[in-house]
Amino acid sequence: MRELVLNCPEAAAEALSDALLEAGVLSVSVEDADRDTEAEQPLFGEPGTEPEVQAWQHNRVVALLPDGVDPEHILEAVRVNADLGLDLSHWETREVPDADWVRVTQSQFGPIQVGEKVWIIPSWHRDDQIVPASDDVVTLELDPGLAFGTGSHPTTHLCLEWLSEVMTGAPTVLDYGCGSGILAIAARKLGCGPTWAVDIDPQAVTSTQYNASVNQVELQAGLPDALPEGDFGVVVANILSNPLKILAPMLCHRVSPGGHLVLSGVLERQAEEVAQAYAPWIAMSVWKARDGWVCLHGQRGQ
């Protein structure tokens, strides 16, 4: 298979993509034409905010061509059917190599060791002799899926390390913003008591239920409205700074007297601002930092 590659300015990327799809290409992606140069522009933001940069100034539009289709015919259809005002005379094609894409994707996700006690094993490695034989080691079987949380991100690492190093065997746990359920599942495997996993995304709830079944642990997973009244010995929330600030009163009141609150998804430069949002109820401080991210920890008074 081949890809058709064109460059275009920021304002035209969406319209050109639509026109290529109308002309019959199989898929379209847009890349930063300045990628890997000093002019590269990262695009990122948090829920409830808009990215500082809405689109790249110089875009590379990549269209996957059906087998046997002449790219000139695609471009002529775009010229005829869409008034884009673009010079489409400069283009190139590139080959898409034949590959077992399932195997290629799987190869990108190998076993992950977190601290001394936790290993995250994709299902295609479950029979590999990787994990050291020890009663102190727990394994989590988890495949990359639709819900966030494969264990590869520093914030997930930080929360898992806290659970395995500080709070093994907590009486009750609430994982708020559970994603794949990795933290809730780890808590149960580390000996914690009854555990709730909550997320606003129904797909995350479904993923958590599935992953809990695969790992043979019992936990309750649901949307926020399904969370019963009561507090928890440990409340962990690995989300992002803006929602964490909004959720501060609720999360603090879910921590039992003497219980622990663990927050991540927070950049180092955001740590003080997030801690201030929680200060009226629980004093939060940086437990550990990694790769520009922090894990905040606080303990509620008796």
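Contact here means heavy atoms within 4.5 Å.

**Figure 1. The whole chain at a glance.** This is a predicted model, in which local features need pLDDT of at least 70, side-chain atom pairs count only at pLDDT 80 or more, and totals for chains, interfaces and linings use all residues. Residues are numbered from 1 along each chain as its sequence is written, and side-chain values use heavy atoms, with hydrogens and water left out. Among the contacts in the protein chain with a separation of 6 or more, 65% join residues 24 or more positions apart. The protein chain holds nine helices and 14 strands; these are DSSP runs numbered from the N terminus, with helices being H or I of at least four residues and strands being E of at least two. Of its 302 residues, 45% count as buried. For a residue, buried means under 20% relative accessible area, exposed means over 50%, and partly exposed lies in between (1.4 Å probe, protein chains only). The accessible surface of the protein chain is about 15,900 Å², and carbon and sulfur atoms own 49% of that; the areas come from the Shrake-Rupley method with a 1.4 Å probe, and for residues only the protein chains shown count as cover.

**Figure 2. Inside the largest nonpolar core.** A nonpolar core is a set of buried Ala, Val, Leu, Ile, Met, Phe, Trp, Tyr and Cys residues joined through side-chain atoms within 4.5 Å. The largest one has 34 residues, and those touching the most other members are Ile120, Leu140, Leu160, Ile182, Leu183, Leu219 and Val234. At least two residues of this core come from each of β5 (112-114), β6 (118-121), β7 (138-141), α4 (154-165), α5 (182-189), α6 (202-214) and β11 (232-238).

**Figure 3. A closer look at helix α5 and Leu183.** Six of the eight residues in α5 are buried, leaving the helix mostly covered. Those buried are Ile182, Leu183, Ala184, Ile185, Ala186 and Ala187. If you zoom in on Leu183 and skip residues up to four places away in sequence, you will find it touching Thr156, Cys159, Leu160, Leu163, Asp175, Val236 and Asn238. After α5 comes Gly191, with a positive phi near 95°.

Figure 4. Which residues of α9 (residues 271-278) are buried? They are Ala271, Val274, Ala275 and Tyr278. These residues sit on the same side of α9 because they cover an arc of only 100° around the axis, where the arc is that of the directions from the helix axis to the C-beta atoms. A general rule is handy here: an α-helix has 3.6 residues a turn, so residues three or four places apart point the same way. On the other side of α9, Glu272 and Gln276 are exposed. The buried residues of α9 pack against α7 (241-246), α8 (248-253), β12 (255-267), β13 (285-290) and β14 (293-299).

**Figure 5. The surroundings of Tyr278.** Tyr278, which belongs to helix α9, is buried with a relative accessible area of 0%. Setting aside neighbours within four places in sequence, Tyr278 is in contact with Leu244, Leu247, Ala248, Leu251, Cys252, Leu261, Leu263 and Met284. Tyr278 and Leu244 are 34 residues apart along the chain, and their C-alpha atoms are separated by 9.2 Å.

**Figure 6. Where α1 crosses α2.** The axes of helix α1 (residues 13-23) and helix α2 (residues 71-81) come within 9 Å and cross at roughly 120°. Axes are lines fitted to C-alpha atoms, for helices over the stretch in contact, and angles run from 0 to 180 degrees between N-to-C directions. In this pair, Leu16, Ala19, Leu20 and Ala23 of α1 meet Ile74, Ala77 and Val78 of α2.

Figure 7. Pro144, in the loop between β7 and α4, is partly exposed at a relative accessible area of 31%. Gln216 lies in the loop between α6 and β10 (220-222) and has a positive phi of about 55°, although it is not a glycine. Asp291, in the loop between β13 and β14, is a residue other than glycine with a positive phi near 55°. Gln216 counts as exposed at 74% relative accessibility, and Asp291 counts as exposed at 65%.
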